[in-house]
Structures are given as C-alpha cells and as structure tokens.
Amino acid sequence: MTNKYIYFVANWKMFGNLKTLNSLNKVTSFVKKSKRDKFKIIYCPPATLLSPLNDILKKTSIKLGAQNSHESENYGAFTGQLNSKMLKAVGARYVILGHSENRQLGESDNLINKKINSSIKSGLKIIFCIGETLTQKRKKLTKKILSQQITQGLKKIKNKKNIIIAYEPVWSIGSGVIPKKNEIVENVNFIKDKIKGIKVLYGGSVNGKNINLLKKINNLDGFLIGGASQNSNNFIDIIKKTFN
Ligand code: PEP
C-alpha cells in the first residue's frame with residue numbers, strides 16, 4: 001500500500017466488558033514500539049467502554065471512536081440515546097455512522113445524513129459506511145447503491161475533510177467471504193472519483209489470512225475490522241502483515 005499512513009479501525013460491535021480491556025495492553029505496547037507515522041489505530045468499543053478505554057488510550061497515539069450517535073447534537077428527551085456532544089465529552093474523536101447493521105435496523109440515508117451533520121458540528125470525524133447487499137450485487141446495482149448512499153448521506157455537506165468512507169459490502173461483513181481484488185479496486189476507485197481526495201477503507205471479514213491479498217490494493221487507505229479486532233493478537237497480526 002502506497003498511502004501515507006494506513007487506518008486500522010476496530011469495531012467491537014456489541015462485545016466487550018471491563019475485563020476485555022486488559023488485553024489491550026498488548027496493542028498499546030505494540031504501538032509504542034512501532035513507527036508512529038505508518039498507521040493510525042482507532043478503537044470503537046460499545047458505549048459502555050468509551051470512558052474507561054479513553055483512560056487507557058489517553059497516553060497513546062490510538063484514537064477513540066463511537067459506534068453510532070443520535071441525529072441531534074443537542075440534549076433532549078431521547079431515552080437510551082447518546083448525542084455526538086456526549087461522545088466527544090468522553091473522549092471520542094471519531095464515530096462510525098451508516099453501518100449496515102444499523103441500516104438493517106431501519107436507519108435511512110436521510111437519518112444517516114442528519115447524524116453525519118450533527119456529528120461534524122460536534123467536532124467528530126466520521127467513518128461513513130456504505131455498501132451493497134448480495135441481492136443488489138447480483139442485480140449489478142452496486143455502483144447505483146454506492147452513488148445513492150453517498151449522494152443522500154452526504155447531502156449539503158460541503159466540507160468533507162473530516163469524513164472517511166468505509167466501503168463495506170454487506171454480504172462480506174461477518175461472513176468470512178471477501179470480494180475479488182478487482183471488485184474492491186473498481187468500487188473504491190468509483191467512490192474516489194465521486195469525492196475527490198476522500199480516504200476509503202475496506203471492511204468485511206478482514207483477517208490475518210486475507211490481509212496478504214487486501215494489502216496489495218493500492219487505492220485503499222486502510223481497514224475497518226469487526227470480528228478480528230476483538231482479539232488483540234489477531235488485530236496486531238493484521239497490522240504487522242500489512243507492512244511485511
Ligand atoms: C464491521 O463490523 O464493520 C465488519 C467489517 O465486521 P467483520 O470484520 O466482522 O466482517
């Protein structure tokens with residue numbers, strides 16, 4: 001990979017507790033020993049772990065991210081919700097928005113657009129997930145879907161400097177199956193042609209085996225990693241192999 005530095009975003013989804021955080025010692029000491037300008041690591045734990053993880057990461061170069069936020073940056077009567085201001089206040093610098101697991105729960109492009117807008121206002125950087133389902137891929141609708149998700153999700157957002165796109169084919173997430181190399185290259189180029197200068201990550205079943213193939217994709221700026229990021233050894237293995 002030829003980029004300045006490579007992003008490794010760990011999405012812990014609805015996993016992890018205070019005990020799990022102990023295993024991060026391995027990652028923090030690995031990072032201390034590594035060349036700082038090679039990669040950027042962002043940990044996105046469940047909201048219950050944002051504050052304790054912030055304490056652990058404070059003295060490291062690893063950044064903290066949240067997995068979602070409410071569409072309003074203001075406080076209000078929204079039981080169970082967290083706004084971007086609250087996430088920023090506990091140390092989050094990034095937020096994942098538009099993840100397919102939330103789209104499947106009913107998040108529309110319009111709602112995601114509101115979330116992106118309010119998170120930007122709060123000063124968070126956005127990891128904006130887009131990707132096609134298997135049915136859409138089979139119907140050769142991938143580019144149409146990516147285009148729609150980008151146009152609607154980023155509607156009225158002029159300054160995109162705090163947005164990173166994660167291209168995540170829905171059918172690849174958690175399935176162990178990844179697209180062919182040329183499919184990733186083509187779809188990432190398509191995204192980069194639509195938004196000049198945007199960074200694009202690949203997400204979907206990244207692991208210690210397929211990273212040897214994925215790292216050869218030159219137009220990628222990094223990876224969004226779910227399952228394999230929950231084990232520190234696996235996560236470190238992926239990072240090491242990317243640079244070997
Ligand atoms: C994800 O949660 O965004 C993801 C890519 O998950 P996994 O790596 O487990 O497929």
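How do the residues of the lining of the largest cavity divide into nonpolar, polar and charged? Before I come to that, let me say that this is a predicted model, in which local features need pLDDT of at least 70 and side-chain atom pairs count only at pLDDT 80 or more, while totals for chains, interfaces and linings use all residues. Residues are numbered from 1 along each chain as its sequence is written, and side-chain values use heavy atoms, with hydrogens and water left out.

On to the cavity, then. The search ran on a 1 Å grid over the protein atoms alone, where a cavity is a set of points that a 1.4 Å probe fits but cannot leave, a pocket is an open set with protein on both sides within 12 Å along at least five of seven lines, and lining residues have an atom within 4 Å of a point. Across the whole structure, 1 cavity of 30 Å³ or more turns up, and the largest cavity has a volume of about 50 Å³, a volume being the space filled by probe spheres set on the points, which are joined across faces, edges and corners. Among the residues lining this cavity are His-99, Arg-103, Cys-129, Gln-149 and Glu-168, and α4 (100-103) and β5 (125-130) each supply at least two residues of the lining. Helices here are DSSP runs of H or I with at least four residues, strands are runs of E with at least two, and both are numbered from the N terminus. To answer my opening question, the lining divides into 3 nonpolar, 5 polar and 2 charged residues, where Ala, Val, Leu, Ile, Met, Phe, Trp, Tyr, Cys and Pro count as nonpolar, Asp, Glu, Lys and Arg as charged, and the others, Gly among them, as polar.

The largest pocket holds about 570 Å³ of space. It is lined by 23 residues, of which Ala-47, Gln-67, Asn-68, Ser-69 and Asn-102 are the closest to its centre, and the lining divides into 9 nonpolar, 9 polar and 5 charged residues.

Let me turn to helix packing. Helix α5 (residues 109-121) and helix α7 (residues 142-153) pack at an angle of about 45°, with their axes 8 Å apart; axes are lines fitted to C-alpha atoms, for helices over the stretch in contact, and angles run from 0 to 180 degrees between N-to-C directions. The two helices are therefore oblique to each other, given that angles under 35 degrees count as roughly parallel, over 145 as roughly antiparallel, 65 to 115 as roughly perpendicular and the rest as oblique. In their contact, meaning heavy atoms within 4.5 Å, Asp-109, Asn-113 and Ile-116 in α5 meet Gln-148, Gln-149, Gln-152 and Gly-153 in α7, and these residues divide into 1 nonpolar, 5 polar and 1 charged.

Helix α7 also packs with helix α8 (residues 181-194), at an angle of about 35° and with axes 11 Å apart. Here the residues of α7 that meet α8 include Leu-146 and Ile-150, and those of α8 include Phe-190 and Ile-191.

Finally, the axes of helix α1 (residues 24-33) and helix α10 (residues 232-242) come within 8 Å and cross at roughly 25°, which makes α1 roughly parallel to α10.
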